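Please look over the sequence and the model below before reading on. A short briefing on selected features comes after them.

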Amino acid sequence: MEVQKLTELLRATIDPNPEQRKAAEDQLAQIHKIIGFVPTILQIVMQNTLEQPVRQAAAVYLKNLINSSWSDHEAKPGEPIPFSIHEQDRAMIRGSIVDAIVHAPELIRVQLSVCVNHIIKVDFPGRWPQVVDNISIYLQNPDVNGWNGAFVTMYQLVKTYEYKRSEERTPLNEAMNLLLPMIYQLMRLLTSQEQQTEQAVLLQKQILKIYYALTQYSLPLDLITKEVFSQWMEVCRQIADRPVPDCSHLEDDERTEFPHWKVKKWALHIMVRMFERYGSPGNVVSEKYQKFAEWYLPTFSHGVLEVLLKILDQYRGGVYVSPRVLTDVLNYLKNAVSHAYTWKLIKPHMVAVIQDVIFPVMSFTDSDQELWESDPYEYIRLKFDIFEDYATPVPAAQSLLHSACKKRKGILPKAMSTIMQVITSPNADNKQKDGALHMIGTLAELLLKKTLYRDQVESMLTTYVFPEFQNPAGHLRARACWVLHYFCDVQIKNPEVLREIMRLTTNALLTDNELPVKVEAAIGLQMFLSSQEKAPEYVEGQIKEITKELLTIIRETENEDLTNVMQKIVCTFTEQLLPVATEICQHLATTFSQVLESEEGSDEKAITAMGLLNTIETLLSVMEEHPNVLINLHPIVINVVGHIFQHNITDFYEETFSLVYDLTSKSISPEMWQMLELIYQVFKKDGVDYFIDIMPALHNYVTVDTPAFLSNPNRLLAILDMCKTMLNGSPGEDPECHAAKIMEVIILQCKGQIDSVIHMFVELALSRLTREVLSSELRTMCLQVVIASLYYNPQLLLSILDKMSQQNNEPIISHFIKQWLHDTDCFLGIHDRKLCVLGLCTLISLGDAKPQVLSEVAPKIVPSLILLFDGLKRAYESRAQEEEEEEKEEDGDDCEEALSSDEDDMDEMAPNYLDNLAEFAKAKGAEAGFEIKAELKDDDEDSNDEAEESLGDLNETGLETFTTPIDDEENDSAVDEYWTFKEVITALSAQDQAWYALLTSNLTAEQAKALQDVVVTADQRKAAKESKLIEKQGGFAFPQTTVPTSFKFGS
């Protein structure tokens, strides 16, 4: 492959002339499969004499080619084999890519590191064990310039295994046995230098990133012994403690990128992660780390906390600390609060930390003010963006404050004292007031649980929060709304206070001219509407204005939290919003289009767009009982759905199929029948993964208007083809179960109307059973398709199975019936068992048309029916019990006691929670002078058998929500399985005694009694149904009798 020619082609791909670019790209596409092409591209990347843009174009082309074509691809049936890079070329790339990374400039190294990551994923350790040697050669070389490339390659190796389970990490651990000691020695060398150059610090950062990726998800204790762990912890402690050179000449955003702060950040990352996952006794991620945690706490706490408190002391003294370092320090302290050992070290400093660290961090800052004024939209985005939580120490400060006040005695009163000093001080400025109110809101949950504070909350809100709604500073008006929302669960004694809360928040939403205030007011409004029963009556008169304003700010801010507010309002004020429902829907649809068109911040935009679709769905649901409104909403929503499907916007398929379900739940318009065609096209193109989401809509198409569904044969054939795609592909057994379910629904729904296609359903279900089936659910679902066909038309099914038997030289009917009886215990819930009973009743009443195999299996049939009826009895009882039960919520007073200084907090989710609780109980008992002998056991340990048994009591399986005519118990002509069975068995005993004897002669006494019980239950159910019918038709008629006014006993 000629280097010069290829270089010119790559140069042309970045030419300003689009025609030149296109011609070059086309030529590259023609030659990229030639052996030698890929190594030549890498050769161009490595040419120092070439200009940077061409090398970069080559690196990007190489990255894309490796990502798409490095692995061997299997050809799909009927398609050509996809291109894979030839092994000869792959070997050449593996032989030189580490050298390329070492010698490449930073921009190109980034592209090559993606390449090496992909190669490692595919080829390590099998085809490329040498990568470990490639790295170690550079690490052993004293030339510092080679280390960074080696570290980058090593980082990609570790990243490949970062989230794998311990047992899958053996190749990495073997590699790290060699490499980890090497990078530790280099780390010591780099940190021991008196002059910490920027290059040395960046290399330290890269080493720490490797160690973090190696340990953050799983700590390999055989590789990282206590000695090794201690060495790395000491490295991290020293770096955290190391003074940072002056960087006051840099802008704030440049300071956070200052290498000395970045390396400190990674050192703290590691310390926080080691403590929270492996070093917190009673709260480790796995029991295997419990002993390690018990060693960690006394070994490292003094040294680490001394450094962290020193950092906080510097922050208190006005020294710059980067936000991410501060976040990590506060997070470490939050975890340390839970342990008596570490709490004793923190306790003397806690009040100072609250006053001089947490309070300033939680106060409004100059940069907040600057952003508020310059870009309120960005201000709102940052305040509500969970992805930004780590970039600012505010959430960590909130969390530490809440944790210390909740878990440690005496801290809440001290925190409240600090807060009250600020909000009662005439000298407090607006930023300090904001910090104090921020702290109050953070502690709201605790204040509402403590009797001492709970009774004062109402007056605290009226005295200190209400006045801030008039504050000229917009951020304090927003904070006032925010605080109210956190106290939404307060028990308000004076109704005027609630009226005022609703007036203030409504007024802020409707009249405030600052957008962030409006957003906080809207969320406050939602919280009170959800928590306070009487809240809606205070805003009902203004609800149309509120809704319109809310729609406007949703469009302006594209804030996802506001779509939840809208959903709450739509649900609460359905009747009042009837006149403007169409306008609301149109507004939401237009905003949705606007969000789709804007390119920036794709993740956040996607979340907002989903929120808008969910709000439209809520609107459709609540307007369900108002057909005159729905008729206007449907065209708007159909446009939204059509747009998503036509542009194949797969991100929103889940929500869109929910909308289709709503649009078809009562009736199906001509436009929605056209939509079924579009859904079929979407499914065939890229919707296979969404079949479970499509299923509710398909169920509607089949059941809501069955005559219309059957009037066009293509509709039935389209759904059948979708089912065929699912059952013949390998989408996973859950989607396959759904496909079998919709087939069963169609058969039962269209009884007597689809004879010509029943054979397709049966063949599809039985052919799936001939391949491996892992779950009993899929096996029973495929059996149910055939059972439904038997119930649909037994003679038709038998003839289909007979034809299939002749084609395959196998007695398929015999296989099917034996498998069915064998799996009777796998049919769960009410529907599946009921269909099974009706199918068996159909089978045994076939008279002379009975398949021969029935004589062979006759003794198993009635016992199978008894088993099904026993399951049905329990499932019906379970359902009745569920309907009767009402959940009771009890509010406990002062329900959570804070811990004294010598107690540890225990995590109920931790693996050894019960052991810890038992030890704690015994210790407390010993203090009180008595011995505790009782054992604490986990119910789950002994309840596996019970859990398995209780599966049988399921009154509803996941697929039973897709109802069929046999599930309609309210219908006067509904089929009752008990009564059907009684009629069949009674008729057989009178008309076919020989067959009846064959079915029942081998029953045990217990089975005979169970059979009798089923017959009794059948009579009871019939009587109950008749009684209900009489009641429905006007009730029972009792003859009028004269009631005597007095009674006389005796003569």
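Predicted model: local features only at pLDDT ≥ 70, side-chain atom pairs only at ≥ 80, totals over all residues.

The mean pLDDT of the protein is 89, and 90% of its residues reach 70 or more.

**Domains**
- The domain assignment gives domain 1 as 1–72 + 81–123 and domain 2 as 541–711.
- Taken over C-alpha atoms, the centres of domain 1 and domain 2 are 45 Å apart.

**Valine 144**
- Valine 144 sits in the loop that runs between α7 (130–140) and α8 (147–161).
- With a relative accessible area of 26%, valine 144 is partly exposed.
- Apart from neighbours within four places in sequence, valine 144 is in contact with Gln199 and Leu203.
- Isoleucine 985 is 841 residues away from valine 144 along the chain, and 90 Å separate their C-alpha atoms.

**The second largest pocket**
- The volume of the second largest pocket is about 970 Å³.
- Its lining consists of 29 residues; Tyr876, Glu969, Asp976, Tyr978 and Arg1021 are those nearest the pocket centre.
- Both α46 (853–884) and α52 (1005–1032) supply at least two lining residues, and α52 gives the largest share, with 11 residues.
- By type, the lining of this pocket divides into 15 charged, 11 nonpolar and 3 polar residues.

Note on methods. Residues numbered from 1 in each chain as written. Heavy atoms only, no water. Domains from an automatic or database assignment. Helix = DSSP H or I, 4+ residues; strand = E, 2+ residues; numbered from the N terminus. Buried < 20%, exposed > 50% of the residue type's maximum accessible area, 1.4 Å probe, protein only. Contact = heavy atoms within 4.5 Å. pLDDT = per-residue confidence, 0-100. 1 Å grid on protein atoms, 1.4 Å probe; cavity = no way out; pocket = protein on both sides within 12 Å on 5 of 7 lines; lining within 4 Å. Points joined across faces, edges and corners; volume = space filled by probe spheres on them. Nonpolar A, V, L, I, M, F, W, Y, C, P; charged D, E, K, R; others polar.
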